Amino acid sequence: MTRTNTTDCNSHTNDSNNIKKLKRGFAYKLFYQQGVWPQNASLNDYYLAVSYTVRDRMQKMFLNSIRALQEKDSKIVGYLSAEFLMGPHLHNNLINLGLYDQVSRAVEESGLDIKQIIDHEEEPGLGNGGLGRLAACYLDSLATLQIPAIGYGIRYEFGMFDQEIENGWQKELGDRWLHPGNPWEFKKAHMAVEIGSGGYTERYTDDHGNLRVRWVPARMVKGIPYDTPVIGYRVNNVNLLRLWSAEAPKSFDFDDFNVGDYQGAVHEKIMAETITKVLYPNDEQFRGKELRLLQQYFFVSCSMQDMVRIHLFQFPNLDNFPDKFAVQLNDTHPAIAVPEFMRLLIDVHHYSWEQAWDIVTHTFAYTNHTLLPEALEKWSVDMLGRLLPRHLEIIYEINSRFLDLIRIKYPGDVDVVRRMSIIDESGERYVRMAHLACIGSHAINGVAELHTRLLKNHTLADFHRLWPDKLTNVTNGVTPRRWMVLSNPRLARLISSAIGDGWITDLYKLRKLEPLVDDPAFCEKWQQVKFENKQDICAMFSCDCGPVFNPYALFDVQVKRIHEYKRQHLNLLHIVNLYHRLKNNPDLDVPPRTFIFGGKAAPGYTMAKLIIKLINSVADVVNSDPDVKNRLQILFIPNFNVQIGHMLYPMADLSEQISLAGKEASGTGNMKFSMNGALTIGTLDGANVEIREEVAPENFFLFGMDVNAVEDLRRAGYNPQTIYNQNEGLKAAINLIAMGHFSHGDQELFRPLIDSLLYHDPYMVLADYQSYVECQQKVGEVFQDPGRWTKMAIRNAARMGKFSSDRSIADYCRKVWKVKPLPVELKLQRLPENGFKFP
Ligand code: GPU
């Protein structure tokens, strides 16, 4: 896995030569690309000049990788995902290319600051949270493991909204990530494809007398691919992120224009471009919006047509398509790919149903990412039929054949037929996308052991009984390149100096750190790294108005989407309780704590927005109370995104993973914290279970009910009020909020939240409260013994091998995709000295 023939060379003369070339590159790009003199250039100009220079250094590998795909009989992974939360590109590309040091010297010798340039990048926030970020980690690992892959998705003009906090409330602002110019993408206008919607279907007889079906769409749009190279870590392989943008087939209609209907002429263009305008900011909340279905169909049809085109470039027909492509459905968002591929095979390429079904089911595999019922996608049959009439016909046919099979398998059992049908007929009729995905795939997986077990026993139990070998587990992972090397350079340096840098591509090697827990010098350096990371963030947030954060405090961090099931309010109840106790007893023996929150709420999710308001309201009161000065501080960091994650995971002492057991499919933030030496306080939910298994129970702060206890309590009849009445500390905390202590006496403001906790408490916050508070007490005690804490932290990081996305991708390759690495050699060399001679 070493790169041959690159600029990545250690000799000093080569180094200074390369730096000279890089500096010349910056100046060239500034002059010819940006068209400015250095003295007139903006920071954005400099950012673009540096990025274009770096991009040029990737081109040779990029073009060779594409040629390798075309030449060899290699299998490609097509990763279909409505979200790719890539985070900033420049820094990551520098690290993966091994160019960080040279470029930063060249930048500095040009009189600029590399940090400033890197921080200037407007990150592509084309995802909501965990699911989109997972897709990005997987692209990094695919390239690093030298697996040919194309990530297919949507080039949203507006990604995830920017969050501001105004008077404690979340305010959403449009994300204009493309506005400053995107140096990492290549528009491929000549590879456009056409996408239909609406209209009707008709039967006809072709020239050979075969009865066929044709879809006559009412509207057409064009899908334009934009390619972003995804480079692996220190390998020549460059994969592709291909994002589709919608355009009108013609820019405007001159007939309409000539008769003076300017509005009408532009209307079609606007309607077409609306499709890829904006990312829906709802995380795990199905909304049933027509435009969202259109987005899904749009990018799926573009991508399937693209793969078919690539395949037919090499082979005479689609018979062997599953040997060339393994297509992964990232949750059900792309599940419409199943009927779309059937349509392409049958209506366009004239396969029989049976042949087509064989190809389709050998092509797709489906990953489920949630157990929350409100997240499961079900489209109204009416809407789907209006938008995609041919696809609805195909879905009915798939369903009819599937249910025949079920009737044969389970004679007389009408209930199982009702339960497993793709069509939900309990009221208004819906298409259940998870069923469609399960039936159309050869493999299904959950994203953590516990999650997969729950899928097998509950959500997909019928499918598991029918096809016992189809459902498997692939535990999520995250890339150590971005989440350690890039974001925590101090820790990465310390680790590499102790055990070498092999861990970066083989995270199990971190095990070599374990004996060092008995090396006091190493432990001290470890503590120093954490301390300096904490100082960095204190420096950022020390303004003359706000509180100055104490770097000696325990940094207790919960960053993730705001959702009731993730229970940010459980964290808050503990904070309020601690505040209350400190006020009543200034001698309370607890370490100083800084609580840090971050995360966005879906704009329509009132309760989540109220939780944000409550966090900020409690922060206002606590931070300005002299009685708890330097002992208790609360910070809500606005606009949590990948960039802010880079800062937060490395400085955390404690990672909050406190969802109700059975609700978080996996979680991935839990892994990022742990690799950076934070300890976890968590429930037995999602991947927490496996993290605890790896780091050993004594290095994990466990609290709360497990899934069985949750189930038992629910069955026994859960009454949160009883708990409230019996727990004095809890009562005091809830009352403080309810009586308006954090809302200037306003007793109405937080009532919806308090009422929900007292009368429904769907996520059993009160039931887990006591156990949580006691566990937090233990956390505080251990933190007061820094030697012990540090050993636990080192053991956590040392045992994170399993949670590298390299391991996850290796699992997918072996269990699901059956693909092998394809190392890329740099055959295609340099441009001809005397220019091209065009044929
Ligand atoms: N997840 Br479904 C999302 O972030 N968005 C979604 O729409 C769905 C799932 C998350 C899960 O909540 C999280 O537990 C998991 O780690 C992540 O997907 C990646 O699998």
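This is a predicted model: local features need pLDDT of at least 70, side-chain atom pairs count only at pLDDT 80 or more; totals for chains, interfaces and linings use all residues.
Strands of a sheet pair through backbone hydrogen bonds, either parallel or antiparallel. Here, an open sheet is built from 6 strands. Their order is β20-β19-β18-β21-β22-β23, and the pairing is parallel. Strands β20 (632-637) and β23 (701-702) form the edges. Each of these edge strands pairs on one side only. Within the sheet, β21 (residues 654-657) and β22 (residues 679-682) run parallel and are joined by 4 bridges. Residue Q657 has G682 of β22 as its bridge partner.

A helix covers part of this sheet. Helix α24 (residues 642-651) lies across β18 (554-559), β19 (593-598) and β20. Its direction makes an angle of about 140 degrees with β18.

Two packed helices are described by the angle between their axes and the distance between the axes. Helix α22 (residues 568-584) packs with helix α31 (residues 765-783) at about 55 degrees. The two axes are 10 Å apart. Because of this angle, α22 is oblique to α31. The crossing of the two helices is right-handed.

Helix α22 contributes H569, L570, N571, L573, H574, N577 and R581 to the contact. Helix α31 contributes V765, L766, Y769, Y772, V773, Q776 and Q777. By residue type, the contact of α22 with α31 comprises 7 nonpolar, 6 polar and 1 charged.

How values were computed
Residues are numbered from 1 along each chain as its sequence is written. Side-chain values use heavy atoms; hydrogens and water are left out. Axes are lines fitted to C-alpha atoms, for helices over the stretch in contact, and angles run from 0 to 180 degrees between N-to-C directions. Angles under 35 degrees count as roughly parallel, over 145 as roughly antiparallel, 65 to 115 as roughly perpendicular and the rest as oblique. A crossing is left-handed if the near helix is turned anticlockwise from the far one by less than a right angle, and right-handed if clockwise. Contact means heavy atoms within 4.5 Å. Ala, Val, Leu, Ile, Met, Phe, Trp, Tyr, Cys and Pro count as nonpolar, Asp, Glu, Lys and Arg as charged, and the others, Gly among them, as polar. Two strands pair if DSSP finds at least two bridges between them.
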